[in-house]
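The sequence and the coordinates are displayed first, and the description follows.

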Amino acid sequence: MKKLKKVFNIRVLRGIISIVIFVGLWQLVVFVKVPYLKNLPYPKEVALDGISAAGTKIYWLNWEISLIRIFIGFIAAQLIGIPLGLAMGVSRKFKDFTFPVFEILRPIPPIAWIPIAILFWPTRELSIYFLVFIGAFSIIVINVLQGVSNISVSLKWAASSLGARPKDIFWRIMIPGSLPSIVTGMTVGMGVTWNVLIAAEMIAGQNGLGRMTWEAYTNYNIPLIVVGMVSIGVAGYLCSSLIRWLGERAMPWKKRF
Amino acid sequence: MAGNNGSGALSSGNFGEVYVEGVTKIYEKEDECQTVLQDCTFHVQRGKLTVLMGPSGCGKTVLINLIAGYEKPTSGHIYIDDISVVGPGRDRLVVFQETALFPWMTAYCNVVFGCQVRKVTKCEIKERAELVLKKVGLYEFRDKYPSQLSGGMQRRAELARAIINDPKILILDEPFRGLDAMTRQLMQEFYVGLFEEVGRTNLFVTHEIDEAIFLADRLIIMTFQPGRIKAEIEVDLPRPREFRMLASPRFMEIREQAIELLYEEAAKAFAAGNKTAYDLVGAVVARKGICKKQA
Ligand SMILES: Nc1ncnc2c1ncn2[C@@H]1O[C@H](COP(=O)(O)OP(=O)(O)OP(=O)(O)O)[C@@H](O)[C@H]1O
Ligand SMILES: [Mg+2]
């Protein structure tokens, strides 16, 4: 236990050192005026702008708006995608009917849906929800499908020998068996979702973290651009951590002892 | 022989027998037909421990899957007592070659799974689970997940998951493969003790000669590609079995007999490039060399 703590501390220390070195290099790059990077603000300017931004209501409103968009789109994608993936994994017939269409639409990058989403949905807000949904949807479907088909056939056999009916096999074998893939799909999907959201906000939004960053650009406020970027990074990280935490909760058998 | 005396709590003593009659299994892969099993006929006697032996890849697992009802024979019939096998059933429970414990359930939940899906009352489940878990020595570990159990414990948990349902026939597909020598020996001892106590009909698959003879009442030896029944050997070593019997002259005699029968098949499997067969051939050749020197 003590040893573990020590290792952990060393690793944290290394992490801190790497961040310090990064900020130091940044400072240096600005200081010696490296060509093409001479417009970069000093870390201190960014920090000061960040602190003053954090004091405003509008900054936190942007956070809230972006997070709400993420969660609505993302949760909708899970609610539709997980059952769809399960159905495809369980029923060969259903998969034969649905998968080809799915495979045609899947290679289209979510961002390529922006124009049509804006045109077709009555409000900008709805089109952004839709784009976020698209970002997470195909990933979760593919992962669930893969998760279901990766469940070893001997588990299903064992269960049916023990007297399990199809209903029991679905709820007690298929669902927990595909849970690791569901969590993977959600983690990856969350990352893609942030990409899509920021692009959508920059192009179609009136607010949100993406729009805030874009407006900083149109006002040529470089420190605020960086503040926006860092905020987006932090927001994405927090969302992924939440998914990971939920995943660990849902799968106690994966815990290492 | 092995009766059901003194094991009332573990088993009701209602055991079955298996008749495999003219079973052929052909797999079709890309216009190519592979006859895995050809015209297999044998009988697993009630209350006896029958061991099925053959080189790796000869179709033992396929045969088990047919008896368990997971797959259907291309032709031929399998009967449990006098009922034809049409699908999986609780009367024949299988301990799989690769572990088939449910990774997301604790040892306890794995063991009681069968009772739960059949809606056995909670307190009856609890009582039986306690008995069985104590029997296999996993009571202290009941709240652990399979990944937290050692290989030997996993096998015992799987055994417990089967015997709690008191099947008519217990089928084990190379259950001790992959365990280290020490654990393997302990598991064999435990398993044979359990069998002798309850006297259930057991069908045990292995490709280890010593394990086979140590456990068996009857040995069934299979051929390699296509899988056929080559021979049956009655193992008349006394029960209860003990490890010192491995050195008895009768054991050696049976062993020689089995090796003669297996050698040809193992060599065939080896020639066909089967990796695991290599070990068997190696063992057999070494054995033969020693015999010749002694003779
Ligand atoms: N579902 C399947 N489809 C096609 N071929 C199969 C299938 N299952 C098994 N086989 C083939 O049947 C043969 C026998 O396989 P099986 O797993 O029964 O061997 P085994 O005797 O159990 O070997 P081992 O001792 O290694 O477990 C192999 O050649 C295998 O490729
Ligand atoms: Mg096998």
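## Strands, helices and ligands

In this predicted model, strand β1 of chain B (residues 18-29) and strand β4 of chain B (residues 75-80) are paired in the antiparallel sense over 5 bridges. Within this pairing, Y19(B) has Y79(B) of β4(B) as its bridge partner. Both strands belong to an open sheet of 4 strands in chain B, with the order β2-β1-β4-β5 and antiparallel pairing. The edges of the sheet are formed by β2 (32-44) and β5 (83-84) of chain B; each has a single partner strand, so one side of each is left without a neighbour in the sheet. Helix α1 of chain B (residues 60-68) lies across β1, β2 and β4 of chain B and runs at about 120° to β1(B).

Strand β3 of chain B (residues 49-53) pairs with β8(B) in the parallel sense over 5 bridges, and L49(B) has N202(B) as its bridge partner in β8(B). Strand β7 of chain B (residues 169-173) also runs parallel to β8(B), joined to it by 5 bridges. In β8(B), V205(B) is the residue opposite D173(B).

The next topic is the ligands. Which protein atoms are donors of the magnesium ion (ligand 2)? They are OG1 of T61(B) and OE1 of Q97(B), lying 1.8 to 2.1 Å from the ion. T61(B) lies in helix α1 of chain B, and Q97(B) lies in the loop between β6 (92-95) and α2 (107-117) of chain B, so the pair ties together parts that are 36 residues apart in sequence. T61(B) is partly exposed, with a relative accessible area of 32%, whereas Q97(B) is buried, at 19%.

Ligand 1 is surrounded by 15 residues, and the closest are S56(B), G57(B), T61(B), Q97(B) and E174(B).

| Residue | Atom of the residue | Distance to an oxygen atom of ligand 1 |
|---|---|---|
| G57(B) | backbone N or O | 2.8 Å |
| K60(B) | backbone N or O | 2.9 Å |
| R177(B) | polar side-chain atom | 3.4 Å |

In chain A, helix α7 (residues 153-161) has 7 of its 9 residues buried, so this helix is largely enclosed by the rest of the structure. Its buried residues are S154(A), L155(A), W157(A), A158(A), A159(A), S160(A) and S161(A). They pack against α8 (166-204) of chain A, together with α1, β6, α2 and α4 (151-163) of chain B. After α7(A) comes G163(A), whose phi is positive, near 105°.

A further helix of chain B, α7 (residues 249-271), contains E256(B). This residue, E256(B), is partly exposed, with a relative accessible area of 24%. E256(B) and A100(B) are 156 residues apart in sequence and 34 Å apart in space, C-alpha to C-alpha.

How values were computed: Residues numbered from 1 in each chain as written. Chains lettered and ligands numbered in written order. Predicted model: local features only at pLDDT ≥ 70, side-chain atom pairs only at ≥ 80, totals over all residues. Heavy atoms only, no water. Pairing = 2+ DSSP bridges. Helix = DSSP H or I, 4+ residues; strand = E, 2+ residues; numbered from the N terminus. Contact = heavy atoms within 4.5 Å. Axes fitted to C-alpha atoms, helices over the stretch in contact; angles between N-to-C directions. Donors = N, O, S within 2.8 Å, 3.2 Å for Na, K, Ca; no water. Buried < 20%, exposed > 50% of the residue type's maximum accessible area, 1.4 Å probe, protein only. Near = heavy atom within 4 Å. Polar contact = N/O pair within 3.5 Å; in protein donor to acceptor, adjacent residues only side chain to side chain.
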